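The exercises below are to be worked with the sequence and the 3D structure at hand. Each task is followed by a solution in steps.

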Amino acid sequence: MTRFATSLVTLALLSAGVIATSPTIPVLAAGGGGGGGGGPSDDVMRPPATSPPSPGTRSSHRKRAQKQSFLSDPAFVEGYRSAYSTIYDRNDYASAIAELRALGHDDYANVANLIGYSYRKLGNYELSQVWYERALKSDPNHVLTWNYYGLWQIERGNRDQAEFHLKRIAAICGTDCNEYRTLAEALEKPPGTVLVY
């Protein structure tokens, strides 16, 4: 019994140590934007979900925490919200790109996705593709990027690729999420239909 109690206490202390050293990353209410229908979908600014570090990965966990520390920087949050408003309230895509680039975190999926979205709305499909791929490199499960990139595929006439994107979205958030529904609706429209997303 004593050995069991000692093991239990040791386990509790190790667990508390892991919890205490895990970084707290705030969930910010600034969206990543857009989708179909009435307005931006709920894409909260947060890093990709990660599992707790295993004993041999502590330094990579610390690097990830440092890399994501900008999320709690009020200047970053305000700049992101301003760029978001520039895109979705004023439809000033060129200014939004400048605002997003000025944040200094182009490799963050939410930022890269909005830059890609803005370039797509400006009709620059080549640069839009570069930014969507950059967002997916940062977070392969960034569902809004899969949605926007799927719409990009439809606009470029790549309906088979858009179907692939739709399947990726279904695997990430199911068929009931806004990103799935809007891309599915866009795919139901006849080829050549102007999309308003």
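**Exercise 1. Helices α3 and α4**

In which crossing, left-handed or right-handed, does α3 pass α4? Describe also how the two helices pack and which residues form the contact.

Solution. The model is a predicted one.

Step 1. Helix α3 covers residues 74-88 and helix α4 covers residues 93-102; their axes are 8 Å apart, at an angle of about 165 degrees. An angle over 145 degrees counts as roughly antiparallel, so α3 is roughly antiparallel to α4.

Step 2. The crossing in which α3 passes α4 is left-handed.

Step 3. On the α3 side the contact is made by Gly 79, Tyr 80, Ser 82, Ala 83, Thr 86 and Ile 87. On the α4 side it is made by Tyr 93, Ser 95, Ala 96, Glu 99 and Leu 100.

Step 4. Sorted by class, the residues in the contact of α3 with α4 are six nonpolar, four polar and one charged.

**Exercise 2. The loop between α3 and α4**

Locate Arg 90 and Asn 91, and state what is found for each.

Solution.

Step 1. Arg 90 sits in the loop between α3 and α4. Its side chain and that of Thr 86 are joined by a polar contact of 2.5 Å.

Step 2. With neighbours within four places in sequence left aside, Arg 90 has contacts with Ser 82, Ser 85 and Glu 99. Ser 82 and Glu 99 also take part in the contact between α3 and α4.

Step 3. Asn 91 is likewise in the loop between α3 and α4. Its phi is positive, about 50 degrees, although Asn 91 is not a glycine.

Step 4. Is Asn 91 buried or partly exposed? Its relative accessibility is 47%, and therefore Asn 91 counts as partly exposed.

**Exercise 3. Helices α3 and α5**

Work out how α3 is oriented against α5, and list the residues that meet.

Solution.

Step 1. The axes of α3 and α5 cross at roughly 25 degrees and come within 11 Å. Angles under 35 degrees count as roughly parallel, so α3 is roughly parallel to α5.

Step 2. The crossing of α3 past α5 is left-handed.

Step 3. From α3, Phe 76, Tyr 80, Tyr 84, Ile 87 and Tyr 88 meet Asn 110, Val 111, Leu 114, Tyr 117 and Ser 118 of α5. Tyr 80 and Ile 87 are also among the α3 residues in contact with α4.

Step 4. The contact of α3 with α5 holds eight nonpolar, two polar and no charged residues.

Step 5. Val 77 is a residue of helix α3. Its relative accessibility is 10%, so Val 77 counts as buried. Between the C-alpha atoms of Val 77 and Leu 103 there are 9.2 Å, while along the chain the two are 26 residues apart.

**Exercise 4. Asp 106**

Which residues does Asp 106 touch, not counting residues up to four places away in sequence?

Solution.

Step 1. Asp 106 belongs to the loop between α4 and α5. With a relative accessible area of 12%, Asp 106 is buried.

Step 2. The residues touched by Asp 106, on that count, are Leu 100, Arg 101, Val 111, Ala 112, Ile 115, Trp 131 and Arg 134.

Step 3. With one of them, Arg 101, there is a polar contact between side chains, at 2.8 Å.

**Exercise 5. Helices α5 and α7**

Describe the packing of α5 with α7.

Solution.

Step 1. Helix α5 runs over residues 109-121 and helix α7 over residues 143-155; the axes cross at roughly 20 degrees and come within 10 Å. That makes α5 roughly parallel to α7.

Step 2. This crossing of α5 and α7 is left-handed.

Step 3. Ala 109, Asn 113, Tyr 117 and Arg 120 of α5 meet Leu 144, Thr 145, Tyr 148, Leu 151, Trp 152 and Glu 155 of α7. Six nonpolar, two polar and two charged residues make up this contact.

**Exercise 6. Helix α9 and the whole chain**

Which residues of helix α9 are buried, and how many helices and strands does the chain have?

Solution.

Step 1. In α9, residues 178-188, the buried ones are Glu 179, Tyr 180, Thr 182, Leu 183, Ala 184, Ala 186 and Leu 187. Their cover includes α7 and α8, the latter at 159-173.

Step 2. The chain has nine helices and zero strands. Of its 197 residues, 40% are buried.

Step 3. Among contacts between residues at least 6 apart in sequence, 56% join residues at least 24 apart.

Terms used: Residues are numbered from 1 along each chain as its sequence is written. This is a predicted model: local features need pLDDT of at least 70, side-chain atom pairs count only at pLDDT 80 or more; totals for chains, interfaces and linings use all residues. Side-chain values use heavy atoms; hydrogens and water are left out. Axes are lines fitted to C-alpha atoms, for helices over the stretch in contact, and angles run from 0 to 180 degrees between N-to-C directions. Helices (H or I, at least four residues) and strands (E, at least two) are DSSP runs, numbered from the N terminus. Angles under 35 degrees count as roughly parallel, over 145 as roughly antiparallel, 65 to 115 as roughly perpendicular and the rest as oblique. A crossing is left-handed if the near helix is turned anticlockwise from the far one by less than a right angle, and right-handed if clockwise. Contact means heavy atoms within 4.5 Å. Ala, Val, Leu, Ile, Met, Phe, Trp, Tyr, Cys and Pro count as nonpolar, Asp, Glu, Lys and Arg as charged, and the others, Gly among them, as polar. A polar contact is a pair of N or O atoms within 3.5 Å; within protein, one must be able to donate a hydrogen and the other to accept it, and residues adjacent in sequence count only if both atoms are side-chain atoms. Buried means under 20% relative accessible area, exposed over 50%, partly exposed in between (1.4 Å probe, protein chains only).
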